[in-house]
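Here is a brief report on salt bridges, cores and surface in one model. Look at the structure first, then read on.

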Amino acid sequence: MKSLAELQAIKDKMKNKVVLREGNNELRVVVGMATCGIAAGARPVLNTIVEAVNEGGLADKVTVSQTGCIGLCQFEPIVEIHEAGKEKVTYVKVDTDKAKRIIEEHIKGGKVIAEFTLSDLK
Amino acid sequence: MVRSHVLICGGTGCTSSGSVAIQEAFKTNIEAFGLSEEVKVVETGCFGLCALGPVVIVYPDGTFYSRVTADDVKEIVEEHLLKGRKVERLIYSDTGEEVADVTAVALSDTAFYKSQNRVVLRNCGVINPESIDEYIAMDGYEALGRVLTEMTPEDVIKIVSDSGLRGRGGGGFPTGFKWSLCAPNKADQKYVVCNADEGDPGAFMDRSVLEGDPHCLVEAMAIAGYAIGATEGYVYVRAEYPIAVKRLQKAIDDAREYGLLGKNIFGSGFDFNLHIRLGAGAFVCGEETALMTSIEGNRGEPRPRPPYPAVKGLFGKPTVENNVETFANIPQIILRGADWFASMGTEKSKGTKVFALGGNINNTGLVEIPMGTTLRHIIYDIGGGIPGGKAFKAAQTGGPSGGCIPASLIDTEVDYDNLTAIGCMMGSGGLIVMDEDTCMVDMAKFFLEFTVDESCGKCTPCRVGTKRLLELLDDITKGKGTLEDIDRLEWLCNYIKQNSLCGLGQTAPNPVLATLKFFREEYVAHVVDKKCPAGVCKDLLTFTIDKEKCIGCGLCARNCPVNAIVKTDYIAPGHKLASYAIDADKCIKCGVCMGNCRPKAIEKI
């Protein structure tokens, strides 16, 4: 080890790999992963979200986790966004393309995509 | 892409309750469910809640599973990792009952962890102790880097002094001051020594740091080396800590490979090397001069001071010796500043202290709390209270060198000076909780037996004095003591304290003195009434059967190992069978009969 910069490089490389364990994120993305969700294609959605969060350098702000059946099986895959101090947003019938847009527009841009939400579908 | 981490405790406690098999089971099941790309299994150090081990934590949600067995693993993988449904029956709850809202139970929400402030243990149970990269990700070696590139040795000593950090091994000597005594001494070689010969019965915080965050110690010792001008360091670890030794050795090897030990660290021209020496199980080697004698290859015996180690220590060279927990605070003090550290704790005791909770308490394990937390908070809120709803009687701090805090002082704010004021000692942080069924004379005798065994024999007050103390205590617990014996006991205690060569002898009488101070009436009951109020000292007990209550089932007689219980010809009114009686001459007072008696007719007096 010759310099602090060298140490910083290792730290930057590793940070994304341990940030998962800090659990102090303000924003949680929850994917419904019960049998109904998985059957409707929740796994590729979850993986897409995890990848997009990591590639976008959002891992220290955003927690991606999963939950069981929410009870709206016909609307699966369901993705919920919980943000501190804001109302929960529920996206329904999400696919990988929608997931990418949710990350881009909602998580990064802060804009709720109304057309993907439950209320609009109804 | 990894979306979830499964952390499995690999500390000594959980390893002995089967965490290795659990790790294997996770690996096979994760593969079987095709989750290898998405879930990572990490072996960590101790989480602290050893009584509930083996423990498993699943991130990102931080779900805390306790008492996991290898058979539970498939369910956790299939339900939680694959389908996102937490396995409710395994989730830890403070009350021990199943929790209604499982989504709310994360590790940080439990009463056990909520009041803790983890500085020393911050990485224990969070990172993989065998990965130097994970340590670096948690700001590891940044303190060393800053010290070597931006600070002078004087700056380092000043920040440690200003923080108010005091030695965590028991004595509470100011760490910065210790370093400043050694730094100006000129010599061709100086040493930094870490005392990891944790010998107090029931204390295991140093082991947890070594097992859970070994790089922290490596980093801190290099910082100390720079501060005092030493290029060599020794860690003296007990050989009874095999996992700790293995992980520390790996940490040293990895640090060397990264150039964080060795020559010209961070291009600063500073060289530092670290070696491990194993202790052979002698308690006295936890005393600083005996420890150094042992590293030198001699029989571990203390030597008189002065000269102090700062002048003439290891191999006759100026040496700084600190305990593991003391060192573990150093990197954080450098990174976050003296003011941050000094903001925690009390006026004269800064920072946090790790306690090993043991004895009659629900949550046995390790807790790290700010100095000045009351004993009541530690026992009832963090420790979850006393099993069976029994009353708290006393807590022993500092193991065989410490004293007891009685129930009347339960609101004492625990720090160095408050404990010294009531005749106790912080010690290394063992905290043994005792309930109403504990005999204080018997407890003092237990610790005396330990020090008699462990006295190295070099000086007479300790070698002979502690033995005589034990004999006096033995007489008292057997009902052969007199009131004069109590006075003699007290006199001898003070004599040993004043005349012993090292800390072992000087503190060995503390358990006796403290119990005499707070529980003198128990000693008096043993010698005057020939009774043990707690019902522990067997020679002072008699077991009797209340013939009116006895239903004559004969269960006691069948279970008596020495056939001391016989049938009489008395039939109590309202009963059909003749009652039984105990032959006091044959009775060995094992208490088996009492445990078996359904009508509770057997009494112990």
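With which residue does R43(A) form a salt bridge? The partner is E38(B), and the closest N and O atoms are 3.0 Å apart. Note that this is a predicted model. The pair crosses between chains: R43(A) sits in helix α3 (residues 42-55) of chain A, and E38(B) in the loop between α2 (19-32) and β2 (39-44) of chain B. E38(B) is buried, at 7% relative accessible area.

Over all chains the count is 40 salt bridges. Three of them are listed here.

| Salt bridge | N to O distance |
|---|---|
| R43(A) with E38(B) | 3.0 Å |
| R101(A) with E115(A) | 3.7 Å |
| K353(B) with E325(B) | 2.6 Å |

K353(B) lies in strand β10 (residues 352-359) and E325(B) in helix α13 (residues 324-336) of chain B, so their bridge ties together parts 28 residues apart in sequence. Both K353(B) and E325(B) are buried. R101(A), by contrast, is partly exposed at 33% relative accessibility. A network of salt bridges links K11(A), D139(B), E142(B) and R146(B).

Now the cores. The largest nonpolar core has 82 residues, and Y141(B) and W179(B) touch the most other members. Helix α10 (residues 214-228) of chain B gives the most to this core, with 11 residues. Domain 2 (132-341) and domain 3 (352-435) of chain B both contribute residues, so the core lies between them. Apart from it lies another core of 37 residues, among them L52(B) and Y416(B).

F177(B) belongs to helix α8 (residues 175-182) of chain B. F177(B) is partly exposed, with a relative accessible area of 45%.

Note on methods
Residues numbered from 1 in each chain as written. Chains lettered and ligands numbered in written order. Predicted model: local features only at pLDDT ≥ 70, side-chain atom pairs only at ≥ 80, totals over all residues. Heavy atoms only, no water. Helix = DSSP H or I, 4+ residues; strand = E, 2+ residues; numbered from the N terminus. Buried < 20%, exposed > 50% of the residue type's maximum accessible area, 1.4 Å probe, protein only. Core = buried A, V, L, I, M, F, W, Y, C linked by side-chain atoms within 4.5 Å. Domains from an automatic or database assignment. Salt bridge = Lys/Arg side-chain N within 4 Å of Asp/Glu carboxyl O.
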